[in-house]
Amino acid sequence: MQTMKKDRIYRKMPGSAGTAFRKYGRPLFVFAAAILAAGCFRDLGNYDYTDINEAVIGDSGFSSPYNIRINETLSIRPDITFTLDPDGTGDYTYEWVAVGQTLYRGERFTIGTGRDLDYVMKLDADNYILYLKVTDNATGIVYSKDVELNVMSPYSTGWMMAGEAGGKGQVDMMSISGDVIFYTGAVTMEDGISLGPIECIWVDNDTYTSDDRVYIGTASGSYKLDRSSFSGSAAGDIKYSFAIDPGEDTYSLTDSEQVRTDTAPLRHSVIINGRAYIVSTEGGMIENSFSFYEDADGNQRDIHVADRIICNHSQSGCRTMVFYNTDDREFCYISGLSVEGMKTLGDGEDDLFSWKTGNDFPETGGLDFVSCCNSFFSNGQSAAILKVPDTDTYYIYCITANRNQPDMIKNGRYAVDNGTAPGFGDSPSYAMTTNHGYMLYASGNTLYGYNFRKEPQECTVLHTFDAPVCFIMADNETEEKYDDCIYVATYDDSRERSGILYKFRMTDSPDRMELTLAETWDEGLLKIHDMYYKTF
Amino acid sequence: MERHIKTIRPAAAMLRLSAAMMAVSAVACTDNLEKYNGEAGIYFAMRVEDSAVNTDTLYSETSSLPFIVTDDDMAVFNLKVKILGAVSDRDRQISIEVVPEETDALAEDYDPLLPGYTLPAGAVFGSIPITFHRTASLEGQERRLTVRLVENSDFALPITMWRNSSDEYVNVVRHTIVISDKYVQLPGYAVGYFGPFSEKKMALLLEVLGLEISDFNEEMPYTQAKAYGQKFDRYLKEQKAAGNTVYEEDGVTEMTAGEYIY
């Protein structure tokens, strides 16, 4: 029956087409069905494999990051074996490709096409991933291996040391990578600009606001320098960075501190000509000064502030900054990310001192600001050194600028015993140690450790140098910032380029101050007035 | 019957069958790219000043010509058009006319429109230059000239409305040019920093901040706009404290800066 039925169907097809279908249709349907089935068929694999020639790139030369300066030679001799070509005589091509990670994120730079790499570094300073790609031209298969490559300009990473050489402003660089190299006279100024002694140096170490963000401040003008070359020009005059030019003849930058959230640095505060400003992340533009008080009706009164910022780097984030209002001789502050003028601080009944120094020293209308230092001691204490006007009577105000306003802590006010701490007011700068909060200061060639909290106070000669001390700083910036590292610079004014930098480690205890000399760099340095660490 | 059935050889039958299958398959994989086969058309292509990625597809039916930003007494406004359909290898004419019911510009404010404006051969975009004059009667005033495209032998008007977004359609065969000789809100005027716009405030802003109106021709960096807003806010508060509260033109509303200055 089935056969008869099929015949009948076939006969209904037109003429010889039916014949053709009878003859070819069945295979055609089988073929089409096979194609359709293949679409749903899982490939369970049943193949014969043929070995291919595989390039195996060994770890040699790829096991640790390369830190290299521009113009140094990067040499890598890779260990490459070929599984089917032990002599390596096949047809292979090699390519060394550096892919930018930070400033040149994603950009590719081919720096070699041979098996071995010998490349005089001409890439711009950045972090790269360096890939070696080996192509077997017989199969077209590419094998690769990568390693971290950090290219640094001479001025990429290390301590910027600013001050004066031959009476002119200059910066020396302690370049730190695998080794330490000193570069002297790093700053070049165009347009005939002659810098006065540099009193303040600061760099924005954040990558997304990094262009031209090396700031130098002198009494006669301040500039932004190119961060790679340290070159400056008239166009970098900080007066061009103001959103609204305050209209003064010169602008002297004396301090800068970055506002930080828990995870990232943001804009920074600066003090210029005794007024405080926020530098926006938008092109480094300087906003209007926030050195003013605003009354309940919104009326604003401008004030001037001392040349240094009190803040706390030991806490997560840094949004609170304390200033000393030199007009009213009182402390004031800003806090948070929205800055609407300075806020005054309230006093409690039993407070150790008044934020308004005139309340404690009414006969002189308050105290004058001398200097300040920020530390990691006791969750970030800062010390403001004030003095009674026209006297040699000094006070140390210890303050903790907590992140969250208005919780500003008065840790204590201490009168300096000049008999115990000789020459305290002469110090070019001050530092407070991390572990026990001792004050370090210098007078002449002598570095002192001053335990001003103890009764009676104690002062210890920590070190005597061959030349007068010109700068003291506790490292609050690098990975050693919790290790109580102290930098002291000396300079003999009778000899050019006589600057020496010393690095100490405090090994103090509650009862005893000890200083261990870790490094001495007698590198013909300038007379250092300020230092700041540059991270890239 | 069989004599009328065309004899097909088995191989040829399979060939045709295969060809048919390939044709069907090919159709299934081909994009349906429909080309414009209609008549030649034209519309106004006045782009919206917008920073959006797809800004080239957004059109406006109004444009401004503020004489206040220039020192000139005459300005040529180029009204841009775009064609629909194929480009032509010959010059074509574009016709426009004034829409009287939507025009209050005086005859002295602009040169009479031409009977036709030439779109050169091969052009997709064209422009219709209209010359405006800064007349004495325009001072402190704002007037408008509305024109519409007119069908002619070269161009039809196959579309009248352009879809800027799902809820915004604009008329692209009619366009209004607002001419003025007074302070108008320019791109650099950020309401968030300067507050609601008014002519009086604009004039005061320029005086207090020492700026030119042309400083507002383009958007300012927000840091700068904020700084100007703060300075203006301070001025207003100082005036108020001195008993000279500054009011808007109505004499009642106190003039303020923007709400985002701090």
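# A walk through chains A and B

Of the 262 residues of chain B, 24% count as buried. The predictor gives the complex an ipTM of 0.76 and a pTM of 0.76.

Start with the make-up of chain B. It holds four helices and ten strands. Along the sequence of chain B, they follow the pattern α-β-β-β-β-β-β-β-β-β-β-α-α-α.

How far can chain B be trusted? The mean pLDDT of chain B is 86. In chain B, 82% of the residues reach 70 or more. Helix α1(B), residues 10-28, has the lowest mean pLDDT among them, 48. Strand β4(B), residues 92-98, has the highest, 97. Over residues 1-13 of chain B the pLDDT is below 50. That stretch still has 18 contacts in the model beyond near neighbours in sequence. Residues 23-31 of chain B also stay under 50. For residues 23-31 of chain B, the model has zero contacts beyond four places in sequence. Where pLDDT is low, the predicted coordinates should not be read in detail.

Now turn to the strands of chain B. Which strands pair with β4(B)? One partner is strand β5(B), residues 117-119. Three bridges join β4(B) to β5(B), and the two run antiparallel. Here B:Q93 stands opposite B:T118 in β5(B). Another partner is strand β7(B), residues 142-150. The pairing of β4(B) with β7(B) is antiparallel too, over four bridges. In β7(B), B:V150 is the bridge partner of B:S95.

Strand β8(B), residues 161-165, and strand β9(B), residues 168-171, form it with two residues between them. Four bridges join β8(B) and β9(B), which run antiparallel. B:S165 stands opposite B:E168 in β9(B).

Step back to the domains. Chain B is divided into domain 1, residues 41-180, and domain 2, residues 184-262. The centres of domain 1 and domain 2 of chain B, taken over C-alpha atoms, are separated by 32 Å. How many residues of domain 1 of chain B are in contact with domain 2 of chain B? Six residues of domain 1 are in contact with six residues of domain 2. The domain 1 side of this contact divides into three nonpolar, two polar and one charged.

B:G229 is found in helix α4(B), residues 222-241. Is B:G229 buried or exposed? B:G229 counts as buried because it has 26 C-beta neighbours inside 10 Å, and the cut-off for buried is 20 or more. Leaving out residues up to four places away in sequence, B:G229 touches B:Y193, B:F194, B:A257, B:G258 and B:I261. B:L106 lies elsewhere. B:G229 and B:L106 are 123 residues apart in sequence. In space, C-alpha to C-alpha, B:G229 and B:L106 are 37 Å apart.

Chain A comes next. The mean pLDDT of chain A is 88, and 88% of its residues reach 70 or more. Over residues 1-22 of chain A the pLDDT stays under 50. For residues 1-22 of chain A, the model has 21 contacts beyond four places in sequence. The pLDDT also stays under 50 over residues 36-41 of chain A. There the model has zero contacts beyond four places in sequence.

Four strands of chain A form an open sheet in the order β35-β36-β37-β38, with antiparallel pairing. Which strands stand at the edges? They are β35(A), residues 469-474, and β38(A), residues 515-525. Each has a single partner strand, so one side of each is left without a neighbour in the sheet. On average, neighbouring strands of this sheet are turned by 15° against each other, direction ignored. Look at the β35(A) edge in detail. β35(A) pairs with strand β36(A), residues 485-490, in the antiparallel sense over five bridges. A:M473 stands opposite A:Y487 in β36(A).

Conventions: Residues are numbered from 1 along each chain as its sequence is written. Chains are lettered from A and ligands numbered from 1 in the order in which they are written. This is a predicted model: local features need pLDDT of at least 70, side-chain atom pairs count only at pLDDT 80 or more; totals for chains, interfaces and linings use all residues. pLDDT is the predictor's confidence in each residue, from 0 to 100. Two residues are in contact if their C-beta atoms, placed from the backbone, lie within 7 Å. Two strands pair if DSSP finds at least two bridges between them. A residue is buried if 20 or more other C-beta atoms lie within 10 Å of its own, exposed if 12 or fewer, and partly exposed in between; C-beta atoms are placed from the backbone. Domain bounds come from an automatic or database domain assignment. Ala, Val, Leu, Ile, Met, Phe, Trp, Tyr, Cys and Pro count as nonpolar, Asp, Glu, Lys and Arg as charged, and the others, Gly among them, as polar. Axes are lines fitted to C-alpha atoms, for helices over the stretch in contact, and angles run from 0 to 180 degrees between N-to-C directions.
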